[in-house]
Amino acid sequence: MYVTFGTTTSGPDANGKDLVRRGAASGVDVDGWTVMPFDFGQGSLDMAAATKSAVDGLKNTVASAYGLSSDAAYRKSGFSSMNGKTDVAGETVTLDNFTSVVSYAKSHHLARVSFWSLNRDRACGSGTDADACSGINQGTYDFTKVLAGYTG
């Protein structure tokens with residue numbers, strides 16, 4: 001079971017931290033706690049750095065709640081990114097950003113790495129709805145190809 005929720009750039013907010021703490025106190029053994037590192041509301045950000053910082057904060061929360069080492073806590077943590085333009089003006093997860101965070105995930109053996117969503121993993125055509133494309137210049141399934149290299 002994976003539990004996915006929003007995050008700040010520094011990790012879970014008070015509600016997210018409370019969720020993890022309550023899960024640990026109740027003996028819930030999830031496969032992974034997963035943050036959605038986008039829609040931060042801050043406009044232009046280095047989305048690779050923001051994602052890594054958010055996951056580091058999640059790892060700290062998980063480690064504290066479950067009494068785990070950093071390595072074990074990373075293995076119970078993860079993220080679900082958003083490819084391309086997010087719902088916040090100026091906030092874009094580029095293919096280079098995603099490649100960087102997947103590399104980071106590999107180095108920490110994160111429990112889960114994903115993105116929203118497959119139907120957005122392509123450039124937009126004329127008149128295409130934003131939910132049906134990334135809004136950036138990319139090839140079809142470029143994010144999927146990066147993700148396919150992730151093995152945990």
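Me: Why is Asp39 called partly exposed?

Reply: This is a predicted model, and in it Asp39 has a relative accessible area of 31%. Buried means under 20% and exposed means over 50%, with partly exposed in between. The value for Asp39 is 31%, so Asp39 counts as partly exposed.

Me: What is the phi of Asp39, and where does Asp39 lie?

Reply: Its phi is positive, about 60°, although Asp39 is not a glycine. Asp39 lies in the loop between E2 and H2.

Me: What makes His109 partly exposed?

Reply: His109 has a relative accessibility of 31%. The limits are under 20% for buried and over 50% for exposed, so at 31% His109 counts as partly exposed. Its phi is near 55°, a positive value in a residue other than glycine. The loop that holds His109 runs between H4 and E6.

Me: How do you know that E3 and E6 pair?

Reply: Two strands pair if there are at least two bridges between them. E3 and E6 have 5 bridges, in the parallel sense, so they count as paired. As for Met82, its bridge partner in E6 is Trp116.

Me: Which strands make up the open sheet, and in what order?

Reply: The sheet has 4 strands in the order E1-E2-E3-E6, with parallel pairing. From one strand to the next the twist averages 25°.

Me: Why are E1 and E6 called edge strands?

Reply: E1 and E6 each pair on one side only. That is what the name edge strand refers to here.

Me: Which peptide bond is cis?

Reply: The bond joining Trp116 and Ser117 is cis, with omega about -10°. Ser117 lies in the loop between E6 and H5.

Me: Which residues of the largest nonpolar core touch the most other members?

Reply: That core has 33 residues, and those touching the most other members are Phe5, Trp33, Phe79, Phe98, Leu110, Val113 and Tyr150. Elements that each supply at least two residues include strand E1 (2–6), helix H4 (95–108) and strand E6 (112–116). The largest share, 7 residues, comes from H2.

Me: What is Leu110 in contact with, leaving aside its neighbours within four places in sequence?

Reply: The contacts of Leu110 include Val55, Tyr74, Phe79, Tyr104 and Tyr150. Gly78 and Gly152 are also among them.

Conventions. Residues numbered from 1 in each chain as written. Predicted model: local features only at pLDDT ≥ 70, side-chain atom pairs only at ≥ 80, totals over all residues. Heavy atoms only, no water. Core = buried A, V, L, I, M, F, W, Y, C linked by side-chain atoms within 4.5 Å. Buried < 20%, exposed > 50% of the residue type's maximum accessible area, 1.4 Å probe, protein only. Contact = heavy atoms within 4.5 Å. Axes fitted to C-alpha atoms, helices over the stretch in contact; angles between N-to-C directions.
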